[in-house]
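Let's go through some charged pairs, one at a time. Here is the structure to keep open while you read.

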Amino acid sequence: FTNLQYLNLDNNPHLKLSNVDWPRLENLRELKLTRIDMVEVDPLIFRLPSLEKLDLYRNQLTEIPHVGLEEIPFNLRHLDLSYNYLTVLPEWMLQLPQVTKLYLEWNQLRELPGHIGDLKQLEILHLHGNELEILPFSMANLASLKSNQNPKPHLRGLRLDQNAFTFPLPREVLEREPFEI
């Protein structure tokens, strides 16, 4: 399986991943481990060097393991952790320079890391159905990021509904062009 580029193990609730030799899947670009009742993620998954898309939604995850910055695959563009039980996001997750789609809806997040606005390539951010009360000021950076190739901000989709916000959202976020959702 060393040449495998796509692996979908969706909807296998009795699947045990403890014996998977993840480093041998060095060419894996897309991994779907959804609806398998996973309670913890093997940190080696986050170290797959070719991984671009990782779907871990609808599991029973309460935390994401620590991964050293030198071990992060900088190819990861799509990360779906929705419908889990996450209460906090690790800081290393904000060091993914290529991530364009981040799905975190329907967890139990109460706050976001202060540097979430540093995800300069982010196009889609789904945060609905959490317990967020405030947003970091850096969120305004997501609404204003532009590049030489693209004069419009990268962020195209932002879902913040069904949270517990207690004060107004940053004006820069609300006054953007209409979002695609």
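This is a predicted model: local features need pLDDT of at least 70, side-chain atom pairs count only at pLDDT 80 or more; totals for chains, interfaces and linings use all residues.

Partly exposed sits between buried (under 20% relative accessible area) and exposed (over 50%), using a 1.4 Å probe and protein chains only.

Residues are numbered from 1 along each chain as its sequence is written, and side-chain values use heavy atoms, with hydrogens and water left out.

There are six salt bridges in the structure, each being a side-chain nitrogen of Lys or Arg within 4 Å of a carboxyl oxygen of Asp or Glu. Three of these pairs are tabulated here.

| Pair | N to O distance |
|---|---|
| Lys53 and Glu30 | 3.8 Å |
| Arg110 and Glu131 | 2.9 Å |
| Arg156 and Glu123 | 3.2 Å |

Arg156 sits in the loop between H1 and strand S7 (157-159), and its partner Glu123 is 33 residues away, in the loop between S5 and S6. Helices (H or I, at least four residues) and strands (E, at least two) are DSSP runs, numbered from the N terminus. Glu123 is partly exposed too, at 23%.

What about Lys53 and Glu30? Lys53 belongs to strand S3 (residues 53-55) and Glu30 to strand S2 (residues 30-32), so their pairing ties together parts 23 residues apart in sequence. Lys53 is partly exposed at 26%, and Glu30 is partly exposed at 28%.

Arg110 is exposed, at 56%, while Glu131 is partly exposed, at 30%.
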